[in-house]
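Please look over the sequence and the model shown here. The paragraphs after it are meant to be read alongside both.

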Amino acid sequence: MLSLYVPGGSVVHRARAGLKLALLAALGVGLFLVESPAVMAGAVALATAVGLGVARLPWRALAVQVRPVWVWLAVLFVFHLLVTDLRTGSVAVLRLVALLVAAAVVTATTRVTALVAVIEWLASPLRVLGVRPARIGLVLAMTLRFIPLVAERAARIREAQAARGAVRLRAGMAVPLLIQVLRMAATVGEALDARGADDAPARRPRRRTAVAS
Amino acid sequence: MKSRDLAYVALFAAIVAVLGLLPPVPVPGLPVPITAQTLGVMLAGSVLGAKRGGLALLVFLALVAAGAPLLSGGRGGLSVFAGPTAGYLYSWPIAAFVIGLLTQLFWKRFNLAWALVANMIGGIVVIYAIGVPFTALYGDVSLWASLTGSFTFIPGDLVKAVAASVVAVAVRRAYPVIELPTRHATAG
């Protein structure tokens, strides 16, 4: 449930996550520099071709990510027909579609762990400010672990309140739930300290060696 | 930051994600349903304070970008950051930070009224101030059209600001997380 990744062994799947993100960023900037409908249509075709042809993604994997904004795109197009003209409208809409499809291709061909590694790498300049990239990875992993935990605690409190006769009392649920999970997080923090993940200042020579966790 | 602060940050990122699981409330005549996730933004700011609250939302967005479908309706991945309403997403960490900043400012005499002020400025004004021009710029529509398009969300946002404020005041009484003397020096 927690990933939009579609397994595969294509060139796109095997390309470095950092490279794919850099290309995507370049596309995002580049498409805003041109105003030609033909270039936009070409970008849409290219992104779709890479996704379906090269990466061999199922059509559904792309549609799932583009579908939520269909209505918005249609509204935008109609708005442009009424206010500006067909050319401006099609450029605006096609540009968005191209970016959406390209982003969907990157997301579907790259594992969450690889992208988290890129985030850690991007955060490495922050080391100057005393931020340790490994801790960012730790927080991301903790979050993924906390999501089912919080959902489960919420369900338990809802049951407890229902057992005491409260029907659908969502606001009254929030406070005990928050206090419970805040206590839990504090305990997790202590456990991390006990295992040596304390807040010692960042050290420079970490760059070469693998980060001890 | 202490390990406990890291855990708090992760916790609120998770809470925003869980709020995304709540069924969204569809509004007649509107393509985007009202979701509970901005409630998480408000809670992160007014329970954790500026620094940790803002970081919690950054962590949440990082996971969304990494492909976890944590936005309401199971959306996620990089494409949501290229979408027309991406400005609202970008505004979340800033909103949580501003709410936290105001909450810390009012902390000594924090009550429902101050909580409301913090949540409305940070959770509504800041979010719209970033989201509305972004949508206008992205879709090449006028600022005014973009603004009127988002007016439908105001009632829902007000309800969420009240709910977040009530909860934040109750949590402060029972389990205060913001510690002023140390926290105030490092925030910012």
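What follows goes through the domains, the nonpolar core and the contact between the chains.

The model is predicted. In chain A, the domain assignment gives two stretches: domain 1 covers 11–120 and domain 2 covers 129–207. Taken over C-alpha atoms, the centres of domain 1 of chain A and domain 2 of chain A are separated by 35 Å.

The largest nonpolar core contains 123 residues. Those with the most contacts inside this core come from both chains: Ala98(A) and Val105(A), together with Ala10(B), Ala13(B), Ala56(B), Val59(B) and Phe60(B). Helix α6 of chain A, residues 86–109, gives the core its largest share, 16 residues. Each of domain 1 (11–120) and domain 2 (129–207) of chain A contributes at least three residues to this core.

Leaving aside residues up to four places away in sequence, Ala56(B) touches Val9(B), Phe12(B), Ala13(B), Ala44(B), Leu48(B) and Ala96(B).

How many residues of chain B are in contact with chain A? There are 46 of them, and they meet 57 residues of chain A. On the side of chain B that touches chain A, at least two residues come from each of α1 (3–19), α3 (50–65) and α7 (154–174) of chain B. The largest share of that side is supplied by α1(B), with 13 residues. By residue class, the side of chain B that touches chain A has 34 nonpolar, 8 polar and 4 charged residues.

Technical notes. Residues are numbered from 1 along each chain as its sequence is written. Chains are lettered from A and ligands numbered from 1 in the order in which they are written. This is a predicted model: local features need pLDDT of at least 70, side-chain atom pairs count only at pLDDT 80 or more; totals for chains, interfaces and linings use all residues. Domain bounds come from an automatic or database domain assignment. A nonpolar core is a set of buried Ala, Val, Leu, Ile, Met, Phe, Trp, Tyr and Cys residues joined through C-beta atoms within 7 Å. A residue is buried if 20 or more other C-beta atoms lie within 10 Å of its own, exposed if 12 or fewer, and partly exposed in between; C-beta atoms are placed from the backbone. Helices (H or I, at least four residues) and strands (E, at least two) are DSSP runs, numbered from the N terminus. Two residues are in contact if their C-beta atoms, placed from the backbone, lie within 7 Å. Ala, Val, Leu, Ile, Met, Phe, Trp, Tyr, Cys and Pro count as nonpolar, Asp, Glu, Lys and Arg as charged, and the others, Gly among them, as polar.
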